[in-house]
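Please read this briefing alongside the sequence and the 3D structure shown below.

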Amino acid sequence: MVGGNVVHTRSVEGIEGQGRIEIRDLWVRFGTVDAVKGVSFMTYAGRSTALLGRNGAGKSTTMRVLAGVIPPTSGEVIVNGVDVRRDPLTVKRATGYCPDVGGLVPRATPWEHLQLAARLRRLEGWEDRGRDLLERFDLGDAAQRVTAGFSHGMGRRLSVVLAAFHQPDVLLLDEPFDGVDPLGVEATLEVIADARARGAIVLVSTHLRDLAMQACESALVLRGGSAVASLKSEELMGEEGAGAYRALLD
Amino acid sequence: MPTELSWTEFRQAFGDLRALLAFRSSGLARKNRRRLRIGAGLVVVLTIAAIIGPAYANELLDGKRAGTFVALLPSFYLGFCLLSVVSAAASGGGREVVPREQAVAFPVSTTVEHLGALLMAPLNIAWFIQGWTILGLTAYVFGPHRLPLVIAPVLIWLFTATALAQVVGWMLEWIRRGQQGIIVARLIVGATISAVLSLILLQQITHLLDKSPTVQILLVEDYGAGGVWWHWLLGVIVLVAIGLGAVLLGTVPARLALHRPLREELRLESSRHQPRQNPGSDLAAMVRVDRSAIWRSVPLRRGLVVLALTPGLVAVAGNLRWGTITILPGLVVSGGALLFGVNSWCLDGRGALWRDSLPASPQLAFISRVVVLAEVLLVAAVVTIVLATLRAGTPTLGEAAALACATVVVIGQVVSTSMRWSVTRPFAVDMRSARATPAPPVVMAGYSARLAIWTTLTGLIFSGLAEVDWNYSVTFALPMLGWSVYRLSRTAKQWAVPEIRSTVIATVSS
């Protein structure tokens, strides 16, 4: 479960013919600091997995590696059969990423974000879906507003919209519920459910255990840059789950 | 009870400012601290050289053209003050010692903000070059005899003029942040420009400059040189009193301005923009977002307008010749790059992570940034050139070619240098406020010095080439441009390295 052994996030052993994420002994080093230390896990299409852990556990760094934004220092990261180090562009095409901080160009409007994403992702006739997503996340009225004036919650919601907009094979949501109101949380949970239903791989990094368990069927707990446990959602629910999770954090 | 304008607060403000400076410098690596000490030492050495050199040159050259310089000195003193006013007004009252988002957790008073802005004001090469110029000219006019007595009033004037400019800068910022303040501020600027242009057209500028109050500074220097001690001392005391008075006075408009909301910034941040047609290419899509980052930002918009207009108006007033105008593009282009180009990835702010997760080659993002930076600098340079050439008459082919080549070459130099710095030394900055800078003030001082030196030298080369056939300008420009393209391509390769790019992106989005 820990170190070089691959952790299969609780699920069936994949669905034949569909994609998967495979991380083997991932190390990410910033200067003298090891942000991720030998994480290994595998997850499959149609599954949603929560990455849990304290601040600095390596959740966001792992997400960034999967999004092709940070190169792994060592180890192997395969997304849908593509090595993220060798072909980050293909990985970026396959993924939709909601970063943990901001994630919005301050002086562009939501619609301009969508236009840029649509252009670079080669989407045609995307406008209706774009409008629909903005409405679902209660951002329809703000579609032409510069995002610099957005509240934190609005920014988070738009980041989720941008990640899910092109219906990616891999949906990476880093702290998508942070500061988001109940309606936004509901919309995000729907997006995750939709993605799973169409066979996408979903990874959600969050500190909110209850919501993570609502959104995902399994969880990978990270501590100090290493994976320490892989659990089913049920094992982390309720008082008992809270105690088990708390015990894993120390 | 509010104590913001009390003596106690004023005294405490110095301690708070010291703490903020210590906080700021604590983030510097040992190598950068050494650089800082070397830079400070260099400033002292150059200042002494700017005084001693011309003073003894007076003896060697037997005071040649000293009479002309005497007539010009009061205008130069006034010009220093006016350009300090422009700088303070353009930077929303003055630069921040600690960026707003970092200082928000600390109880920083408006008095500290004012003193900090005053301390930051000289940290740009334009301030130093003007300062050294007037120190040098004064030393040349009076020679080495009783030099300290002659130079002391000039040094005090540099401080006094900066403090006075700060007062005006805060007042303009107070107006700008008021109800309808943007319109009122624009009217004031428009009226000032119109008044200056009218004076130029009516040929009253010289007459007016002869009556400049800065003539008194020249008289104080003369008392010093002539050993009229009592008058000299009185003049120095008055200058110091004005300076200290301005420092104290500045706390009032600073407080008034900083207690008002950032109206223009808030307006732009909540502005709506009707959707345009979908972009026709990947590059067009990238460029569109990059352009909006510039033209929807208060400090960048205002800075570019000031940069484009000020040198042009000075050139109109000074009736510059075509050969001299070749120096202007370098000044404008350097200034433009210092607004954002030296840390150009900061335009994406926290959106940098999302942008880099999009499926586009790193080179495309790089080219887009180069295109946008180059076009912004070109527009500013062209506005300046058009203004500057209004009174310059019809150019020869050589002069026109020299000016065109100088413009293209300095844009190439500045863009390639800025992009290199953007990749090798990124900083996390929030470019919301007009008081923000794309890098810490000390780093900005170093950047501005290096850009100014190179672009001024280039301008001077083309100034000489304006006197000869156009072929020479083109022949000189081509290899210089080639060198810039080579440097750009080298930086683009660096940017394409995932480890380097991820460091830049993680930094600017943090």
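**Briefing on a predicted model**

In chain B, the axes of helix α10 (residues 215–226) and helix α11 (residues 229–258) come within 8 Å and cross at roughly 140°. The model is predicted, not determined by experiment. The points below begin with this helix pair and then turn to the chains.

**The pair α10(B) and α11(B)**

- An angle over 145 degrees would count as roughly antiparallel, and the axes here cross at roughly 140°, so α10(B) and α11(B) are oblique to each other.
- The crossing in which α10(B) passes α11(B) is left-handed.
- On the α10(B) side, the residues that meet α11(B) are B:Gln216, B:Leu219, B:Val220, B:Tyr223 and B:Gly224.
- Their partners in α11(B) are B:His231, B:Trp232, B:Gly235 and B:Val236.
- Sorted by class, this contact of α10(B) with α11(B) has 5 nonpolar and 4 polar residues, and no charged ones.

**Chain B as a whole**

- Chain B has 22 helices and 0 strands.
- The globule rule gives 24 Å for 510 residues and chain B has a radius of gyration of 24 Å, so chain B is as compact as a globular protein of that length.
- Along the principal axes, the C-alpha atoms of chain B fill a box of roughly 75 × 70 × 50 Å.
- Of the 510 residues in chain B, 46% are buried.
- Among contacts in chain B with a separation of 6 or more, 88% are between residues 24 or more positions apart.

**Chain A as a whole**

- Chain A contains 8 helices and 11 strands.
- A compact globule of 250 residues would have a radius of gyration near 18 Å, and the 17 Å of chain A agrees with this.
- The box filled by the C-alpha atoms of chain A, taken along the principal axes, is roughly 45 × 45 × 40 Å.
- Buried residues account for 54% of the 250 residues of chain A.
- In chain A, 69% of the contacts with a separation of 6 or more link residues 24 or more positions apart.

**Where the two chains touch**

- The contact between the chains involves 36 residues of chain A and 36 residues of chain B.
- On the side of chain A that touches chain B, at least two residues each come from α2 (88–94), β7 (95–98), α3 (110–120) and α5 (152–164).
- Of these elements, α3(A) supplies the largest share, 7 residues.
- By class, the residues on this side of chain A are 20 nonpolar, 9 polar and 7 charged.

Note on methods: Residues are numbered from 1 along each chain as its sequence is written. Chains are lettered from A and ligands numbered from 1 in the order in which they are written. This is a predicted model: local features need pLDDT of at least 70, side-chain atom pairs count only at pLDDT 80 or more; totals for chains, interfaces and linings use all residues. Axes are lines fitted to C-alpha atoms, for helices over the stretch in contact, and angles run from 0 to 180 degrees between N-to-C directions. Helices (H or I, at least four residues) and strands (E, at least two) are DSSP runs, numbered from the N terminus. Angles under 35 degrees count as roughly parallel, over 145 as roughly antiparallel, 65 to 115 as roughly perpendicular and the rest as oblique. A crossing is left-handed if the near helix is turned anticlockwise from the far one by less than a right angle, and right-handed if clockwise. Two residues are in contact if their C-beta atoms, placed from the backbone, lie within 7 Å. Ala, Val, Leu, Ile, Met, Phe, Trp, Tyr, Cys and Pro count as nonpolar, Asp, Glu, Lys and Arg as charged, and the others, Gly among them, as polar. The radius of gyration is taken over C-alpha atoms; the globule rule is 2.2 Å times the number of residues to the power 0.38. A residue is buried if 20 or more other C-beta atoms lie within 10 Å of its own, exposed if 12 or fewer, and partly exposed in between; C-beta atoms are placed from the backbone.
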